[in-house]
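This briefing covers one protein chain, grouped by topic. Please look over the sequence and the structure before reading the points below.

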Amino acid sequence: KIMEEDSHNVDKSKLSSVSSPSSTQSLLPSTSRFNPEPIADPSQIIIAGNIRFTILSSTCVRIEYSSTSEFEDRASQIIWYRRFPLSSNFFSVSKSSNLNSNTIIITTSKLKITYQYQDQTSSSSTILSLTIELTDPETDKIIKWTFGKEEDEINQKKNNLNGTTRTLDFQSTHGFIQLQEGLLSTSGYTILKDASLCFTPHPPYWITPRTQQQKQHQNEPESSTDIYFFGSGFHYIQCLKDFMQISGHFPLLPSYALGIWWSRWWPYSEEEVKKLVIEFDQSGFDLDVFVIDMDWHLVNNPYSGGWTGYTWNKKLFPDPPKLLQWLHDRNIRVTLNLHPHDGVYPHEEKYLEFLDAMSKQEQNNEIESKEEEDKEVTSKEEVKKEENT
């Protein structure tokens, strides 16, 4: 019922018009709006040597290695949420040292993390061993993972139950298709290596690369490491819950998304689209989604290969809002294929407006950067003043 109401209560006049960024944001469900909380609460964090542990739940922990002890607090393309304040007894920490090594043991109600390391200098250390143990609640079986152990990495790939595949383009539907690794595994645990790009800390949240660090010691990982350990044993629902907690919840699919779709890479004209919809209707098939591939926008231009575009091809679609309204009146959703990797070129209808907007954003960034510099200078002056006093 909720899905049906969602699909029928859409303001079609908004869908068929060009929306401003603010109105587009208001059209999005709350679960689709980007409002990350990537900085963990201090109650979740344990730092030992060059590793930072972040306890995300009793069965999920983030493990970061940094040769410079500089850790990543920005939201990544995969992980948006890490802030979950914990009570003082949610986990326990014990530490011990001898002449050759330091040992730290972190225990939650489900996991036991044991980390041994050796200090090299005041700011760097070498990993001697890192293990995580858990007991599967379904079988009482003790499961152990060892960081960097080749056998565990092989078993992790072999036992992974896999996820999906990025695309079926150019794939034979009658042959074998290699699936990507998923979250669930018959090993009883899953390792998610997050090497995805990161967002800037403040709106408009531009995508930026991670900081790469040089390997300094033989026993170090090749570069800075950022992994998430999901240790729920064979309680797979818990694994999915942990992932949704840190990556964000997603809305239930609306009913139309489970209906009949039409998608073909073909330079349809407005009249051909209407003809095809009518043919479906006359055959007793009610289309739910009509996909217009990349030829909805200008393809032939002197600047790029044509895959990317933001301007309607008026030869094929002389009145786009009218066509969209015609489809919406028949309760058909419309998808316009877009490959946004070639940038924005001078032949685009909104090119000058785009340049103006980018220029204003750059000015705002410069103002924010200057404000941050001023704050830093003021802070240093205050510290110096206190020291003099």
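Arg74, in this predicted model, touches Pro38, Arg82, Cys198, Phe199, Pro201, Thr208, Pro209, Arg210 and Thr211, not counting residues up to four places away in sequence. Arg74 is placed in the loop between S3 and strand S4 (92–97).

- Arg74 has a relative accessibility of 18% and counts as buried, because the cut-off for buried is under 20%.
- Leu197 lies 123 residues from Arg74 in sequence, and the two C-alpha atoms are 9.6 Å apart in space.
- Ser58 sits in the loop between strand S2 (51–57) and strand S3 (60–65).
- With a relative accessibility of 16%, Ser58 counts as buried.
- Apart from neighbours within four places in sequence, Ser58 is in contact with Phe90, Thr108, Ser109, Lys110 and Leu111.
- A distance of 9.6 Å separates the C-alpha atoms of Ser58 and Phe230, which are 172 residues apart along the chain.

**Helices H6 and H7**

- Two packed helices are described by the angle between their axes and the distance between the axes.
- For helix H6 (residues 270–282) and helix H7 (residues 320–329), the packing angle is about 5 degrees and the axes are 11 Å apart.
- H6 is therefore roughly parallel to H7, since angles under 35 degrees are counted that way.
- On the H6 side, the residues that meet H7 are Glu270, Val273, Lys274, Val277 and Ile278. Their partners in H7 are Leu323, Trp326 and Leu327.
- By class, this contact of H6 with H7 has six nonpolar residues, two charged residues and no polar ones.
- Leu323, Trp326 and Leu327 are also among the buried residues of H7. Pro320, Leu324 and His328 are buried in H7 as well.
- Asp319 lies in the loop between strand S14 (289–292) and H7. Its relative accessible area is 33%, so Asp319 is partly exposed.
- Asp319 and Glu270 are 49 residues apart in sequence, with a C-alpha to C-alpha distance of 8.5 Å. Glu270 is one of the H6 residues that meet H7.

**Helix H4**

- Which residues of helix H4 (residues 150–159) are buried? They are Asp152, Gln156 and Asn159.
- These three cover an arc of only 85 degrees around the axis, which means that they are on the same side of H4.
- An α-helix has 3.6 residues a turn, so residues three or four places apart point the same way.
- Strand S8 (142–146) and strand S9 (190–193) are included in what covers the buried residues of H4.
- Glu150, Lys157 and Lys158 are exposed, on the face of H4 turned away from its buried side.

**Two asparagines with positive phi**

- Asn162 is found in the loop between H4 and S9. Although Asn162 is not a glycine, its phi is positive, at about 65 degrees.
- Asn162 has a relative accessibility of 33% and counts as partly exposed.
- Asn331 is not a glycine either, and its positive phi is about 60 degrees.
- At a relative accessibility of 31%, Asn331 counts as partly exposed.

**Whole chain and confidence**

- The protein chain contains eight helices and 15 strands.
- Of its 389 residues, 36% count as buried.
- Among the contacts in the protein chain with a separation of 6 or more, 61% are between residues 24 or more positions apart.
- The average pLDDT of the protein chain is 84, and 79% of the residues score at least 70.
- Over residues 1–25 the pLDDT stays under 50. The model has 29 contacts beyond four places in sequence for residues 1–25.
- Residues 214–219 have a pLDDT below 50. Beyond near neighbours in sequence, this stretch has 13 contacts in the model.
- Where pLDDT is low, the predicted coordinates should not be read in detail.

Notes. Residues numbered from 1 in each chain as written. Predicted model: local features only at pLDDT ≥ 70, side-chain atom pairs only at ≥ 80, totals over all residues. Heavy atoms only, no water. Axes fitted to C-alpha atoms, helices over the stretch in contact; angles between N-to-C directions. Helix = DSSP H or I, 4+ residues; strand = E, 2+ residues; numbered from the N terminus. Parallel < 35°, antiparallel > 145°, perpendicular 65-115°, else oblique. Contact = heavy atoms within 4.5 Å. Nonpolar A, V, L, I, M, F, W, Y, C, P; charged D, E, K, R; others polar. Buried < 20%, exposed > 50% of the residue type's maximum accessible area, 1.4 Å probe, protein only. Arc of directions from axis to C-beta. pLDDT = per-residue confidence, 0-100.
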